[in-house]
Amino acid sequence: MSYPATGTCQCEQVHYKLRQAPIITVVCHCTDCQKLSAGAFSMTMMVKREDFELVRGELQAFDRTAASGNIARCYFYPTCSNRIYHENPEKPEVIRLKPGTLDDTSIIKPEMHVWTQSAQPWVTLPTDIPCHETQPLMAALTDR
Ligand SMILES: [Zn+2]
(Lines give C-alpha, C1' and ligand atoms only; values in the text may rest on other atoms or scores of the structure.)
Protein backbone atom coordinates (compact mmCIF):
# COMPACT_ATOMS: atom_id res chain seq x y z
CA MET A 1 0.00 0.00 0.00
CA SER A 2 2.18 2.78 -1.31
CA TYR A 3 2.61 5.31 -4.08
CA PRO A 4 3.14 5.43 -6.97
CA ALA A 5 0.10 3.21 -7.43
CA THR A 6 -1.03 1.63 -10.69
CA GLY A 7 -4.43 0.87 -12.14
CA THR A 8 -6.08 -0.72 -15.16
CA CYS A 9 -9.47 -0.84 -16.82
CA GLN A 10 -11.56 -4.00 -16.69
CA CYS A 11 -10.10 -5.42 -19.94
CA GLU A 12 -6.60 -4.28 -18.90
CA GLN A 13 -5.87 -2.34 -22.10
CA VAL A 14 -5.65 0.90 -20.13
CA HIS A 15 -2.83 1.31 -17.66
CA TYR A 16 -2.31 4.36 -15.48
CA LYS A 17 -0.09 5.52 -12.70
CA LEU A 18 -0.99 7.60 -9.64
CA ARG A 19 2.10 9.21 -8.20
CA GLN A 20 0.79 10.62 -4.90
CA ALA A 21 -1.96 10.03 -2.39
CA PRO A 22 -5.27 11.77 -3.24
CA ILE A 23 -6.44 15.09 -1.85
CA ILE A 24 -9.53 13.33 -0.49
CA THR A 25 -11.46 10.12 -1.07
CA VAL A 26 -15.26 10.32 -1.06
CA VAL A 27 -17.97 7.66 -1.21
CA CYS A 28 -21.08 8.91 -3.01
CA HIS A 29 -24.51 7.32 -2.66
CA CYS A 30 -26.33 9.53 -5.18
CA THR A 31 -28.55 7.82 -7.73
CA ASP A 32 -26.19 8.80 -10.56
CA CYS A 33 -23.36 7.00 -8.80
CA GLN A 34 -25.58 3.96 -8.35
CA LYS A 35 -26.10 3.97 -12.14
CA LEU A 36 -22.42 4.59 -12.82
CA SER A 37 -21.23 1.74 -10.61
CA ALA A 38 -24.22 -0.48 -11.37
CA GLY A 39 -24.09 -0.91 -7.61
CA ALA A 40 -24.89 0.81 -4.34
CA PHE A 41 -22.44 3.73 -4.49
CA SER A 42 -19.29 4.90 -6.22
CA MET A 43 -15.98 6.09 -4.88
CA THR A 44 -14.02 9.12 -5.99
CA MET A 45 -10.42 10.02 -5.34
CA MET A 46 -9.73 13.69 -5.99
CA VAL A 47 -6.20 13.76 -7.34
CA LYS A 48 -3.97 16.43 -8.80
CA ARG A 49 -3.77 15.98 -12.55
CA GLU A 50 0.00 16.18 -12.39
CA ASP A 51 -0.04 13.07 -10.17
CA PHE A 52 -1.98 11.04 -12.76
CA GLU A 53 -0.36 9.54 -15.83
CA LEU A 54 -2.12 7.55 -18.53
CA VAL A 55 0.57 5.03 -19.44
CA ARG A 56 -1.24 2.99 -22.08
CA GLY A 57 -4.61 3.00 -23.85
CA GLU A 58 -6.78 5.72 -25.32
CA LEU A 59 -9.83 6.93 -23.40
CA GLN A 60 -13.06 8.35 -24.79
CA ALA A 61 -15.20 10.91 -22.97
CA PHE A 62 -18.73 12.19 -22.74
CA ASP A 63 -20.12 15.16 -20.84
CA ARG A 64 -22.93 15.13 -18.33
CA THR A 65 -24.30 17.75 -15.94
CA ALA A 66 -23.82 16.94 -12.25
CA ALA A 67 -26.35 17.84 -9.54
CA SER A 68 -24.27 20.96 -8.79
CA GLY A 69 -24.71 22.18 -12.38
CA ASN A 70 -21.03 21.59 -13.11
CA ILE A 71 -20.05 19.64 -16.19
CA ALA A 72 -18.58 16.24 -15.47
CA ARG A 73 -16.48 15.01 -18.38
CA CYS A 74 -16.42 11.25 -17.96
CA TYR A 75 -13.47 9.28 -19.35
CA PHE A 76 -13.83 5.58 -20.09
CA TYR A 77 -12.23 2.85 -22.15
CA PRO A 78 -14.49 2.04 -25.11
CA THR A 79 -13.95 -1.73 -25.27
CA CYS A 80 -14.88 -2.56 -21.69
CA SER A 81 -16.72 0.74 -20.93
CA ASN A 82 -14.89 0.95 -17.60
CA ARG A 83 -15.00 4.48 -16.20
CA ILE A 84 -11.51 5.68 -15.24
CA TYR A 85 -11.89 9.31 -14.18
CA HIS A 86 -14.03 12.43 -14.38
CA GLU A 87 -13.04 16.04 -14.65
CA ASN A 88 -14.66 19.44 -14.62
CA PRO A 89 -13.31 21.05 -17.82
CA GLU A 90 -13.30 24.39 -15.97
CA LYS A 91 -11.04 22.95 -13.24
CA PRO A 92 -8.72 20.63 -15.15
CA GLU A 93 -6.01 20.80 -12.45
CA VAL A 94 -7.91 18.22 -10.40
CA ILE A 95 -9.36 14.95 -11.67
CA ARG A 96 -11.74 12.55 -9.96
CA LEU A 97 -10.32 9.08 -10.27
CA LYS A 98 -12.59 6.04 -9.90
CA PRO A 99 -10.38 4.10 -7.49
CA GLY A 100 -12.00 0.70 -7.89
CA THR A 101 -9.75 0.52 -10.97
CA LEU A 102 -6.57 0.55 -8.85
CA ASP A 103 -4.51 -2.63 -8.83
CA ASP A 104 -4.13 -2.44 -5.04
CA THR A 105 -7.48 -1.27 -3.70
CA SER A 106 -6.23 -1.53 -0.11
CA ILE A 107 -4.90 2.04 -0.51
CA ILE A 108 -8.48 3.38 -0.75
CA LYS A 109 -9.31 5.15 2.52
CA PRO A 110 -12.69 6.89 2.34
CA GLU A 111 -12.76 10.15 4.30
CA MET A 112 -16.37 11.23 3.69
CA HIS A 113 -19.72 9.85 2.57
CA VAL A 114 -22.11 12.08 0.60
CA TRP A 115 -25.71 11.84 -0.63
CA THR A 116 -26.51 9.37 2.15
CA GLN A 117 -30.20 10.32 1.76
CA SER A 118 -30.30 8.02 -1.27
CA ALA A 119 -28.05 5.32 0.23
CA GLN A 120 -29.38 1.79 -0.06
CA PRO A 121 -31.12 0.97 3.25
CA TRP A 122 -28.86 -2.02 3.91
CA VAL A 123 -25.66 0.06 3.68
CA THR A 124 -24.14 0.66 7.12
CA LEU A 125 -22.59 4.12 7.25
CA PRO A 126 -19.40 4.65 9.26
CA THR A 127 -19.48 6.73 12.45
CA ASP A 128 -15.83 7.80 12.41
CA ILE A 129 -15.88 9.98 9.25
CA PRO A 130 -18.32 12.71 8.10
CA CYS A 131 -21.50 11.54 6.40
CA HIS A 132 -23.65 14.13 4.60
CA GLU A 133 -27.24 13.68 3.50
CA THR A 134 -26.56 15.67 0.35
CA GLN A 135 -23.39 17.26 -0.92
CA PRO A 136 -21.52 19.73 1.29
CA LEU A 137 -20.17 22.78 -0.50
CA MET A 138 -16.59 21.62 -0.22
CA ALA A 139 -17.46 18.37 -1.90
CA ALA A 140 -18.87 20.16 -4.95
CA LEU A 141 -15.37 19.61 -6.24
CA THR A 142 -15.98 15.91 -6.10
CA ASP A 143 -19.10 15.70 -8.28
CA ARG A 144 -18.74 12.27 -9.71
ZN1 LIG B 1 -22.65 10.55 -6.73
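Author: Let's start with a term: two residues are in contact if their C-beta atoms, placed from the backbone, lie within 7 Å. Among contacts in the protein between residues at least 6 apart in sequence, 57% link residues at least 24 apart. Bear in mind that this is a predicted model, where local features need pLDDT of at least 70, side-chain atom pairs count only at pLDDT 80 or more, and totals for chains, interfaces and linings use all residues. Residues are numbered from 1 along each chain as its sequence is written.

Now for the setting. The protein has 1 helix and 10 strands (DSSP runs, H or I of at least four residues for helices and E of at least two for strands, numbered from the N terminus). Along the sequence they come as β-β-β-α-β-β-β-β-β-β-β.

As for burial, 29% of the 144 residues count as buried, that is, with 20 or more other C-beta atoms within 10 Å of their own, C-beta atoms being placed from the backbone. A nonpolar core is a set of buried Ala, Val, Leu, Ile, Met, Phe, Trp, Tyr and Cys residues joined through C-beta atoms within 7 Å.

The largest such core holds 13 residues, and L18, V47, F52, I84 and L97 have the most contacts inside it. At least two residues of this core come from each of β2 (15-18), β4 (42-48), β8 (83-87) and β9 (94-97). Zoom in on L18: setting aside its neighbours within four places in sequence, L18 touches Y3, P4, A5, G7, V47, D51, F52 and L97. There's also a second, separate core of 8 residues, with V26, V27, V114 and W115 among them.

Methods: A residue is buried if 20 or more other C-beta atoms lie within 10 Å of its own, exposed if 12 or fewer, and partly exposed in between; C-beta atoms are placed from the backbone.
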